[in-house]
Amino acid sequence: MKALWQHYVYRRGDEVQEMWDRMFSQRQSRGEACRVLYIAGRGFDTRAVVVLQRFIQCLRESRCDVEKAELLLVGIEGYELSRELLDQTDRNAVALQDEFRSIGETKFVTSKDDVDGDIEEVSANSALHRCTKNVLDAVGDHTDIVLDVSSLPRILYLSILLALLQKLVPDKDEGKALLAKGVNFQVVVAEDPKLDSLIRSEDPRSDLVLIPGYSGALRIESVRHWPLVWFPILGENRIGQLQKIMESDVIPPLAEICPVLPHPSRDPRRADQLLVEYRTPLFDASQTPVSNVLYAHESHPFEVYRQLSGAMKRYLMSMRIMGGCHLVVTPLASKLITLGAGLACFEMKPSAHEDYSVAIPYAEPARYVATSRELAAADPELAVLVLTGESYG
Amino acid sequence: MAYRSNPFRGRMSERTSDQEFVHLFSPKVIERLPEDVFEGAVHIFRSPPGGGKTTLLRAFTPSALKAFWNSRRVVDMNEAYQKLLSREIVDELAGPQLIGVLLSCASGYADLPQGATINEEGLFRALLDARIVLRTIRCVEALANTEQDRGGEILLQYDDLAQDLKSIPTNVTLRELGRWAEGLERTVCAVLDSFENFPLRQIPHHVRFEAVLWLQSVRFEVNGKALAPRRLLMIDDLHKLRRKQREWLIEELTDLRPAIPLWLAERSIAMGQELLVQGARNDRDLREHRLDEFWGGQQRSQFSSFAQNILQRRLAVQDRLPPGAFSQYLRDQIDSGEVQDRLKEGRERFQNYLNDMRDSPRYASWIGAAGEYLEVREVSALHELIVIRALIARDEARRQMSLELTPLPVEELDGRDSGALQAAAEVIAHEEFKIPYYFGIERICTLATNNVEELLAIAASLYDGLLAKQVLRKPELLLYASEQERLVREVAGRKRDFIPKSHTEGTRAQRLLDAVGLYCRERTFLVNAPYAPGVTGVRLSQTELSLARSVHRSERDVRSVLMKVLAECVAENLLVTRDSSASTSREGGCVFYLNRMLCAHFNLPVQFGGWQDVTVGTMVEWMEAGPRPSRDRELKIA
């Protein structure tokens, strides 16, 4: 199986603006208009505003003809935040709208839209499904779709990313599948590992959330007896979430556990510290062989994608003799690593609707804790992954 | 592949092979099962998580029953086998006689689409029917998979009741039936996963839970021989369903008046807002069983023997320590050598106390008796000194009211002493002089709060401690009282610290529990020990409970948040509820006792008993603001 993103477009830091400049200037020189759908979270993280400012600045400076531009602000429901963070969320939403007003209008979507009946009866999975569907419904004849994950919770941006990829790349085996009829789908991240580790997530919900489209492997009775390989992608302060998943019945006793650690990393000891942090659940309760540990570059999502999809392919091939196997990924690490893991899951999901093999269970926290001072002190570095579009033509 | 290094870590219900499961399974629980549980009716089993629901259900699945039957000649396994034999679950020659079909509600039911345009109930029934059929087929295949049956085709036969079946095909082979159920399940899962609007006519729906009727009317035959004639349908994790689904399921299954036993298992409190009001119905067709009550109340010693049996079985599956009773590794008495300094400090402090009291003629004989205890270098003597101090403090408080001056004879000391006061002395000695209290197998079983998972967490830590001693080549492979206490308190501290990381309302729950713990400490550590052995719970009267329940269901209302937090704490076994009946001087209510491990964290006694009335307002304040000490740490008189 050939890797979808064997060649890829990934830019970081100053290269991001250079790439945008070139992308939109070329469009301008070709006399093509662009129709932009910019998806961002209505969250407390101030990095979303920084990303939008830079994007609009590039768009304006390129003098590209913007035929239509929509900002889709995804409302994040059901989290418990301090008054300070709630105020910050409101301020961010106003700032995002103000910033975008110069090129287009803003729309809002939440998981609570169009709910029939008792809102409390909507499960976390249904809410995620509904929210993702609302985002998908907003996609029309756009030439550029930008997903800014800076202020979106992990589970939500993964769900949106995978649903958009499914919509844009319905047949992965097609020759130029990633051309996606010329729709440029970019994922933007303002990465600041220091700030990410300061934002604490607490009170994991008791029900596991499964990414829509990636749940069948854990639900279908007739394939439950397949062996299961679990890739927990480890990050700081997520031990409660990991234990929730281990305590649920989704990870059977004889599962092959392959922890994924960030290495290389800015802090060369980071992987070691994570091994110590997760010692009890992974190495005391279940003596996971150290040889199962995978290492993935902290700041390079395509490297993570390559490592993870390579391991998944090898497992699939060796387990074929047993009828098949489930591949289960739980992303608990930083945004860039999570994105890489998401791409690997997309690639490994069989195209046929009735084939199930990849699942992404996650224990979503109910509460985020951070201070405005920490958020204001963020020093993010921009990174862009261009996943489909003319670059792949 | 993952291997377990500590036999006490990891839940048995989900994370073991069948062979390992039957070796670890304690048959004591079968003994405690009520007689009527195998009668045709809906039986609901409730317990907090880790209470043993799934373990109990798994024991009746065909693969586990086969494993029990296969191990019937193994000495350690014979007890379980005999108990199953006496209940006619297995037959000596024919093997398992029961097809126990176990399903979990955790898998997708709550995510089924809702809304006026969709027949929610029909879709839910269709998915459950498909899974019951699929799981039954797997069970039958597991049962038939013996040497003589292998290769024989499994035939389906139906009795007259099957004529009523509308949704499940009855004129097909086992394989075709499997394909039908598989197709149905995949369609429902496709509806679940799809972002497209599914055409309504393609969405399956069933008009009743037909698989129950199918299961009771179908017979399986292989090589002309009937397979296991008895049936049991077990549905676990009912609390994972949506409220409406849970109501439909219980109501409809009960209305079906099943001829086979249906076991439904759920956490003690399924719905946050319905604290203490669940389970109104209990009749011929619907029977409720609380698993923790199998061991609770007067039968606490039953839990202890069950717990020790579990520990012994776990110990038997490892090879680093010699197997046997877990208690052989735990000293059940304090070695005076390990607390010599603390005893000395205690004697000095009591010497000063007795010197201060020497001028009081009323207590002269008591003080004389206390003086004799000062000569004894044993922990028990320190306890006696604490008892005498408490009795003097109590008498002084009463005397101030009555102006009684008559000297008290030494015999009265014995008369006023009680078991509760002795127990209080132990916990006060622990608080005041750091004399170990949380040690010994009995107390460790009590600390588990009738919960197997908690028992295993403590045992895992003690096991690690023993291994450490072994590695360090300590002469005695035995944990002293102070060593046990250190390890127990580490587990207790982790449990408390982990609350915000493991519960949806964890931060509030932690604040509330910290405040309850502090409040209990303030009421326990009084020099006259008025609530001996101590206070470990708080009570809400019926009036207060009504006040808390009467609020409008708005998320912002703090009282409704309190009810949610309390419900979650009860569901997670952080608080244990006991009804408190009305008396002439007070109305009835509900006592919320702290989990016994949290008692260890707050240095409180392990016994249930003492509680204090509080108001909803106080609890709301605790939940939002956390503990606020109202007294200093010195022991004072109430």
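**Ground rules**

I number residues from 1 along each chain as its sequence is written, and I letter chains from A and number ligands from 1 in the order in which they are written. Because the model is predicted, I kept local features to a pLDDT of at least 70 and side-chain atom pairs to a pLDDT of 80 or more, while totals for chains, interfaces and linings use all residues, and side-chain values use heavy atoms, with hydrogens and water left out.

**Chain A as a whole**

I began with the secondary structure of chain A, which comes to 13 helices and 17 strands; helices (H or I, at least four residues) and strands (E, at least two) are DSSP runs, numbered from the N terminus. The radius of gyration of chain A is 20 Å, close to the 21 Å of the globule rule for 393 residues, so chain A is as compact as a globular protein of that length. That radius is taken over C-alpha atoms, and the globule rule is 2.2 Å times the number of residues to the power 0.38. I also noted that the C-alpha trace spans about 60 × 50 × 50 Å along its principal axes.

Of the 393 residues in chain A, 62% count as buried, where buried means under 20% relative accessible area, exposed means over 50%, and partly exposed lies in between (1.4 Å probe, protein chains only). Taking the contacts of chain A with a separation of 6 or more, I find that residues 24 or more positions apart account for 88% of them; a contact means heavy atoms within 4.5 Å. The accessible surface of chain A is about 14,900 Å², and 49% of this belongs to carbon and sulfur atoms (Shrake-Rupley method with a 1.4 Å probe; for residues, only the protein chains shown count as cover).

For charge, I recorded 44 positive and 56 negative side chains in chain A, with the centres of the two sets 3 Å apart. Lys and Arg count as positive and Asp and Glu as negative, while His and the chain ends are not counted; each charge is placed at NZ of Lys, CZ of Arg, CG of Asp or CD of Glu.

I then looked up A:A341, which is found in helix α12 (residues 335-348) of chain A. A:A341 has 1% relative accessibility and therefore counts as buried. Leaving aside its neighbours within four places in sequence, A:A341 is in contact with A:I233, A:V304, A:L308 and A:V329. I also checked A:A296, 45 residues away from A:A341 along the chain, and the two C-alpha atoms are separated by 10.0 Å.

Elsewhere in chain A, a cis peptide bond with omega of about 5° joins A:H263 and A:P264, and A:P264 sits in the loop between β11 (260-262) and α9 (270-277).

**Chain B as a whole**

Chain B has 26 helices and 14 strands, and 58% of its 638 residues are buried. Among the contacts in chain B between residues at least 6 apart in sequence, 78% join residues at least 24 apart. The accessible surface of chain B comes to about 26,800 Å², with 48% belonging to carbon and sulfur atoms.

**Strands of chain B**

Strand β11 (residues 535-541) of chain B pairs with β13(B) in the antiparallel sense over five bridges; two strands pair if DSSP finds at least two bridges between them. In that pairing, B:S541 stands opposite B:G589. Strand β12 (residues 575-580) of chain B also runs antiparallel to β13(B), joined by six bridges, and B:R578 has B:V591 as its bridge partner.

A further entry covers an open, antiparallel sheet of three strands in the order β5-β6-β7 (chain B). Its edge strands are β5 (154-158) and β7 (225-226), each of which pairs on one side only. Five bridges join β5(B) to strand β6 (residues 218-222), and the bridge partner of B:Q157 in β6(B) is B:R219.

**Backbone notes in chain B**

The peptide bond from B:A532 to B:P533 is cis, with omega near 0°, and B:P533 lies in the loop between α22 (506-524) and β11 of chain B. B:N450, a residue other than glycine, has a positive phi near 55°; B:N450 is in the loop between α18 and α19 (452-471) of chain B and is buried, with a relative accessible area of 14%.
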